[in-house]
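Here is a short briefing on one protein model. Please look over the sequence and the structure before reading on.

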Amino acid sequence: MIREFSAGAVVLRRMKHRWWIAAIEPQGRRSPASKPSPRDSVLALPKGAVDTGEDAEHAALREVHEETGVTAEIVAKLKDIKYYYIRSWGDHQRVFKIVTFYLAAYRSGRLGNISPEMRKEVRRALWIPLEDSPRELSYSGERDVAKQATEWMSQHPELVAQIEATSVRGKAASGEGTSQ
């Protein structure tokens, strides 16, 4: 059986006295039928394949930057999501996939400042409130990851204060206001 490995992150940023996370709307994807939503398109966490010779942490940070335009720093590993799927292209083989998700702190960059090549994959990047993410994200595994990020924050208030302080400094350094 074919195995695939991907990595992604819940990127936290403090704005407007709330915690926000970076999300993406992939090109050409429709919301899964299992998720009732007023949104027709998919809303997902940034993630992608772990390249040969790359570890999952570096892959997660690379994918965050490529898909959202922001840079971040890993804070903690949150969860591995494991599932099977059947390829809808080529050989139609069954694939076992593991996606490793991390909690990451925003450091710099402007959300949505992505390359023209990435625009073929990502329609847009946006900040969504962390507390809304379990309802807004399209995939159940990613909704669980967002809930786990919230739980992690409640269990580590001293580290959350550090993340908040660097998030505010990052905002000033990037020249960004608090607009989405």
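The points below cover the overall fold, the nonpolar cores and a few individual residues.

This is a predicted model: local features need pLDDT of at least 70, side-chain atom pairs count only at pLDDT 80 or more, and totals for chains, interfaces and linings use all residues. Residues are numbered from 1 along each chain as its sequence is written, and side-chain values use heavy atoms, with hydrogens and water left out.

**Overall fold**

- The protein has four helices and six strands. Both are DSSP runs numbered from the N terminus: helices are H or I with at least four residues, strands are E with at least two.
- Along the sequence the pattern reads β-β-β-α-β-β-β-α-α-α.
- Of the 180 residues, 46% count as buried. Buried means under 20% relative accessible area, exposed means over 50%, and partly exposed lies in between (1.4 Å probe, protein chains only).
- The accessible surface comes to about 9,300 Å², and 50% of it belongs to carbon and sulfur atoms. Areas come from the Shrake-Rupley method with a 1.4 Å probe; for residues, only the protein chains shown count as cover.
- Take the contacts with a separation of 6 or more: residues 24 or more positions apart account for 69% of them. Contact means heavy atoms within 4.5 Å.

**Nonpolar cores**

- The largest nonpolar core holds 25 residues, and Val10, Leu12 and Trp152 touch the most other members. Such a core is a set of buried Ala, Val, Leu, Ile, Met, Phe, Trp, Tyr and Cys residues joined through side-chain atoms within 4.5 Å.
- Elements giving two or more residues to this core are β1 (2-15), β2 (18-26), β4 (70-86), β5 (94-109), β6 (122-129), α3 and α4 (157-174). α3 gives the most, with five residues.
- Another core of 19 residues lies apart from it; Trp20, Ala44, Val70 and Ile114 are among its members.
- Beyond four places in sequence, Trp152 touches Val75, Ala76, Leu78, Leu103, Leu159, Val160 and Ile163.

**Val70 and His65**

- Val70 lies in strand β4. It is buried because its relative accessible area is 0%.
- Leaving out residues up to four places away in sequence, Val70 touches Val64, His65, Tyr106, Ser108, Gly109, Arg110, Leu111 and Trp127.
- Val70 and Leu111 sit 41 residues apart in sequence, yet 5.7 Å apart from C-alpha to C-alpha.
- His65 lies in helix α1 (residues 56-68). With a relative accessible area of 40%, His65 is partly exposed.
- Neighbours within four places aside, His65 contacts Val70, Thr71 and Ile114.
- His65 and Gly112 are 47 residues apart along the chain, and 9.6 Å separates their C-alpha atoms.

**A buried arginine**

- Arg143 is found in helix α3 (residues 140-155).
- Arg143 is buried but has no salt bridge; Asp144, the nearest side chain of opposite charge, is 6.3 Å away. A salt bridge needs a side-chain nitrogen of Lys or Arg within 4 Å of a carboxyl oxygen of Asp or Glu. For charge, Lys and Arg count as positive, Asp and Glu as negative; His and the chain ends are not counted.
- A polar atom of the Arg143 side chain lies 3.2 Å from the backbone oxygen of Leu137.

- Lys16 is in the loop between β1 and β2. Its phi is near 50 degrees, a positive value in a residue other than glycine. Lys16 counts as partly exposed, at 43% relative accessibility.
- His92 is in the loop between β4 and β5. His92 has a positive phi of about 55 degrees, although it is not a glycine.

Technical notes. Polar contact = N/O pair within 3.5 Å; in protein donor to acceptor, adjacent residues only side chain to side chain.
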